[in-house]
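Open your viewer, keep the selection panel handy, and follow along stop by stop. Each stop names something to select and then tells you what to look for.

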Amino acid sequence: MACLDISCLRQSTMQRKKTTMTTTAEKEVLTLDGAVDRHGRPAVRGKTGTWVAGILLLVNQGLATLAFFGVGVNLVLFLTRVIGQDNAAAANNVSKWTGTVYIFSLLGAFLSDSYLGRFKTCAIFQAIFVLGLASLSITSGLFLLKPKGCGDEHTPCDSHSSYHIALFYLSVYLVALGNGGYQPNIATFGADQFDEEDPKEGLSKIAFFSYFYLALNLGSLFSNTILGYFEDEGMWVIGFWASTASAAMALILFLCGIPRYRHFTPKGNPLSRVSQVLAAATRKWKVQIMPNSEGLFDEDEKDLVSNNGARKILHTNGFRFLDRAAAITLPEMDQFDDGTRNPWRLCTVTQVEEVKCVLRLLPIWLCTILYSVVFTQMASLFVEQGAVMRTNISTFHIPPASMSSFDILSVAAFIFIYRRVIDPIYTRLTKSSLTELQRMGIGLVIAICAMVSAGTVEVFRLRYADKDCLHCEESSSLSIFWQIPQYVLIGASEVFMYVGQLEFFNSQAPDGLKSFGSALCMTSISFGNYVSSLLVTIVMKVSTNGNMPGWIPGNLNRGHLDRFFFLLAILTAADLVVYIICAKWYKYIKFESREAAAAAATAAV
């Protein structure tokens with residue numbers, strides 16, 4: 001008999017709703033890596049992250065890079081033509097500024113990992129970036145480009161007051177702060193959109209770093225060509241306002257992805273965790289450690305699973321002095337009876353392993369700094385070398401800074417060559433892929449070749465140069481296109497070194513230090529710029545003697561820039577030897593899988 005009364009109808013309707021909700025829940029598969037959505041709920045795989053968010057962030061990165069290099073790629077020429085600095089001073093100031101950009105990446109990483117999370121940190125620093133670019137555009141147009149039309153290769157600008165110079169430096173360092181704080185977090189935030197516990201998304205996460213670096217280079221392609229041309233012709237204000245518009249578009253696009261992003265909650269101040277390990281290990285320096293990590297304290301699995309999605313790090317045997325921080329002594333056992341633990345006296349194994357991980361990463365990081373010295377020459381001495389070569393094809397003038405387009409095209413080509421040709425062939429022959437450390441070593445080898453190529457070009461350039469020129473731009477008959485090999489080699493080396501670095505530091509950093517891992521990559525570029533500046537200063541002091549103007553004088557035709565490039569090749573070769581030793585010594589971090597942790601937590605309950 002059919003049920004026709006209202007109560008039966010309500011019961012039937014409720015049953016259908018429950019069935020629909022159950023079906024929906026079955027379809028909404030959650031991620032396995034502990035990610036959450038914008039409301040703090042576990043992230044649903046089909047509704048958050050993946051390439052929908054990833055592509056949005058790649059476009060954001062491309063636009064932000066376009067904006068940054070709209071300033072950075074020709075900054076050395078702006079300093080010489082508009083501010084009135086000589087070649088050596090301009091190269092040093094560009095190196096210092098670029099270095100500061102990446103020093104600020106540590107600040108951004110710290111705020112992200114500790115308090116704000118990656119999304120908020122990216123949004124705040126992108127806003128600062130836009131503000132700095134707008135300030136630079138206004139300052140240049142109103143105060144610096146006087147008389148009107150100055151700033152090209154033929155018309156130098158008037159001298160400026162200290163107030164106007166201070167406004168200029170405030171603007172460019174706001175750009176440095178904004179871009180520096182944003183860069184390491186956007187790379188890690190993009191990687192967060194892929195669940196590494198899922199096989200398919202795990203492969204996408206690895207691919208993301210290659211495409212991220214490709215987006216970075218494609219974004220700078222427009223800057224190095226179109227914007228570079230306008231700025232080289234003295235239209236600096238147009239170039240700077242175009243950069244401002246690009247950065248504003250990047251920020252708007254970034255905010256449009258809010259509903260789709262996956263997030264990881266901050267894990268707390270890493271400095272306090274490191275300090276606790278060092279303090280506890282020092283307090284118990286007389287304590288004897290048992291073999292095989294027996295007697296060391298670690299959190300219960302159920303506590304670890306609920307600890308903001310962080311994974312347990314398995315114990316390793318290196319740096320055994322630090323294991324004392326996790327050694328349980330009689331006073332700590334008494335605290336357990338009270339249900340309390342003083343983290344400054346007793347730390348977990350995972351906490352100790354975080355510190356060990358950072359200590360193991362540092363030698364590898366130090367070895368990448370000299371590579372960054374080679375890399376930074378593209379924005380300084382390569383540009384100055386190109387400016388004194390023949391830069392005309394018929395009546396068309398090629399801006400020296402635009403030659404870095406060949407570096408960008410090389411990066412784009414070698415990313416696909418590596419992923420589609422080199423890696424599959426190597427995997428087929430050896431049954432394994434090249435590790436990140438192996439790829440970084442290959443990058444160093446190619447960088448040596450790039451410096452040898454640059455030095456060789458300079459040797460031939462000097463043979464065709466006019467050493468008595470007054471205005472020495474285009475003073476050599478050697479074509480600027482002879483620089484192509486050195487730019488192509490630098491681009492190829494970047495694919496192996498910087499993409500490998502991004503993957504390596506992201507995978508080897510503990511869960512609470514992921515942005516710090518990306519910042520290590522950025523800060524190696526920073527210290528590379530500072531070391532480059534220091535090398536230029538030392539070389540000029542040593543090589544300048546009496547009638548000798550030094551290796552890098554204002555008139556490069558009287559110097560020996562070739563010797564500086566060959567010196568970098570020798571230093572990089574020595575660095576390669578040290579790197580190989582450090583790479584063989586390095587021990588990879590070992591995480592406990594989240595599934596195993598969850599199973600152990602269930603068993604503990």
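Start by selecting Lys431, which sits in the loop between helix H14 (405–430) and helix H15 (436–463). Helices here are DSSP runs of H or I with at least four residues, strands are runs of E with at least two, and both are numbered from the N terminus. Phi of Lys431 is near 65 degrees, a positive value in a residue other than glycine. Lys431 counts as exposed because its relative accessibility is 71%; the classes are buried under 20% relative accessible area, exposed over 50%, and partly exposed in between, with a 1.4 Å probe and protein chains only.

Before moving on, a word on what you are viewing. This is a predicted model, in which local features need pLDDT of at least 70 and side-chain atom pairs count only at pLDDT 80 or more, while totals for chains, interfaces and linings use all residues. Residues are numbered from 1 along each chain as its sequence is written, and side-chain values use heavy atoms, with hydrogens and water left out.

Now colour by pLDDT, the predictor's confidence in each residue from 0 to 100. The protein averages 84, and 89% of the residues score at least 70. Next, select residues 17–26: the pLDDT there is below 50, and the stretch has zero contacts in the model beyond near neighbours in sequence. A contact means heavy atoms within 4.5 Å.

Zoom out for the overall picture. The protein has 19 helices and four strands, and buried residues make up 55% of its 605 residues. Of the contacts with a separation of 6 or more, 83% are between residues 24 or more positions apart.

Select Phe319, in the loop between helix H10 (301–305) and helix H11 (330–338). Its phi is near 50 degrees, again positive in a residue other than glycine. Is Phe319 buried, partly exposed or exposed? Phe319 counts as partly exposed, because its relative accessibility is 32%.

**The cis bond and the disulfide**

Go to Pro147, in the loop between helix H5 (118–144) and H6. The peptide bond from Lys146 to Pro147 is cis, with omega near 0 degrees.

Then select Cys150 and Cys157, which form a disulfide with their sulfur atoms 2.1 Å apart. A disulfide is taken as a pair of cysteine sulfur atoms within 2.5 Å, and by this rule the count comes to one. What is the handedness of the link between Cys150 and Cys157? The link is right-handed, with 90 degrees about the S-S bond. Both Cys150 and Cys157 are buried.

Two further cysteines are worth a click. Cys256 is exposed, at 55% relative accessible area, whereas Cys357 is buried, at 3%.

**Along H6**

Select residues 162–192 to see helix H6, whose 31 residues reach 45 Å from the first C-alpha to the last, close to the 45 Å expected at 1.5 Å a residue. That expected span is 1.5 Å times one less than the number of residues. Where does H6 kink? Look at Gln183, shortly before the proline Pro184, for a kink of about 30 degrees; the bend is the angle between axes fitted to the seven residues ending at a residue and the seven starting there.

**Into H7**

Ser204 is in helix H7 (residues 199–232) and is buried, with a relative accessible area of 16%. Leaving aside neighbours within four places in sequence, Ser204 is in contact with Trp51 and Phe194. Draw a C-alpha to C-alpha distance from Ser204 to Phe194: these residues are 10 apart in sequence and 6.9 Å apart in space.

**The last two stops**

Select Thr544 in strand S3 (residues 544–545), a partly exposed residue at 37% relative accessibility. The Thr544 side chain reaches the backbone oxygen of Met540 at 2.5 Å. Not counting residues up to four places away in sequence, Thr544 touches Val539, Pro549 and Gly550.

Finish at Asn557, in the loop between strand S4 (548–549) and helix H18 (561–585). Asn557 counts as buried, at 1% relative accessibility. Which side chain does the side chain of Asn557 contact? The partner is the side chain of Arg461, in a polar contact at 2.7 Å. A polar contact is a pair of N or O atoms within 3.5 Å; within protein, one must be able to donate a hydrogen and the other to accept it, and residues adjacent in sequence count only if both atoms are side-chain atoms.
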